[in-house]
Amino acid sequence: MTEKMAPVDHRSMQKRPRAESMKLGSDQLRHLSSIITDMNQAVTKEQRMIAIQNAKRAFNHDVPELHNVEVESGLIHALCVQLGYVLNKQSGKHFSDIEGLCSILQLVYCCKDSVRESSFHDIGKELLPLLLRSLESCNHAAEENEWCDSLVLNISKILRAFSRAHSVSLIMVQSRDLLKSLLTLINGERSTQTKIEALSTMKNITFYAEEYRSM
């Protein structure tokens with residue numbers, strides 16, 4: 001059980017396209033709204049799969065300013081609702097959904113640090129336990145499946161991105177479940193990149209915590 005604490009294809013080797021505009025026009029805003037609506041209304045696995053694929057295609061770019069809009073649009077809440085629902089299903093056939101949802105989170109959290117920090121303070125209490133439960137689902141899987149490596153790496157990247165914010169790291173370091181998960185990633189049989197992400201996250205949150213205690 002995870003404690004409650006205080007406050008496009010993932011395998012593609014193609015470079016993400018850079019959006020032409022730094023602002024969302026009316027058509028783009030409608031498209032974003034449509035993606036969020038579809039995500040909120042996805043009930044069946046097929047509906048969820050379509051919503052996930054559409055979101056991954058839309059958010060697979062390298063423009064932080066656009067990711068800012070995506071994060072602030074209400075998308076994160078919709079992703080949390082879906083992730084919580086899928087995790088509660090406790091079925092191996094939903095691993096692809098968990099991986100897809102975490103992949104979208106990793107894409108949109110390539111926003112500016114200040115936007116990511118604000119997002120964590122808004123929804124981190126719900127999101128962080130869901131991310132840790134997603135990691136746990138891989139650790140407790142009867143056998144490794146094709147989605148696990150990508151899922152674990154995406155979550156490791158999200159955690160590292162959050163840990164760069166001083167105020168967020170002071171919250172993260174209070175979570176024993178998070179610290180335990182990071183140690184499992186570091187000491188377990190995971191990819192080198194995943195271990196680097198986990199080590200960097202651990203370094204960030206322990207550094208800021210030590211700095212805070214010395215003040």
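The model is predicted: local features need pLDDT of at least 70, side-chain atom pairs count only at pLDDT 80 or more, and totals for chains, interfaces and linings use all residues. Residues are numbered from 1 along each chain as its sequence is written, and side-chain values use heavy atoms, without hydrogens and water.

The chain has 10 helices and zero strands. Both are DSSP runs numbered from the N terminus (helices: H or I, at least four residues; strands: E, at least two). From the N terminus, the order reads α-α-α-α-α-α-α-α-α-α.

Of the 215 residues, 47% are buried. Buried means under 20% relative accessible area, exposed over 50%, and partly exposed in between (1.4 Å probe, protein chains only). The chain exposes about 11500 Å². Carbon and sulfur atoms supply 52% of that area. Areas come from the Shrake-Rupley method with a 1.4 Å probe; for residues, only the protein chains shown count as cover.

The whole structure has zero disulfides, meaning pairs of cysteine sulfur atoms within 2.5 Å. The sulfur of Cys 110 lies 7.8 Å from the closest cysteine sulfur, in Cys 111, so that pair is too far apart for a bond. Two cysteines compare as follows.

| Residue | Relative accessibility | Class |
|---|---|---|
| Cys 110 | 29% | partly exposed |
| Cys 148 | 0% | buried |

Helix 3 spans residues 64–71. Its buried residues are Leu 66, His 67, Asn 68, Glu 70 and Val 71. The buried residues of helix 3 pack against helix 1 (26–41), helix 2 (45–59), helix 4 (75–89), helix 5 (95–108) and helix 6 (113–139). Contact here means heavy atoms within 4.5 Å.
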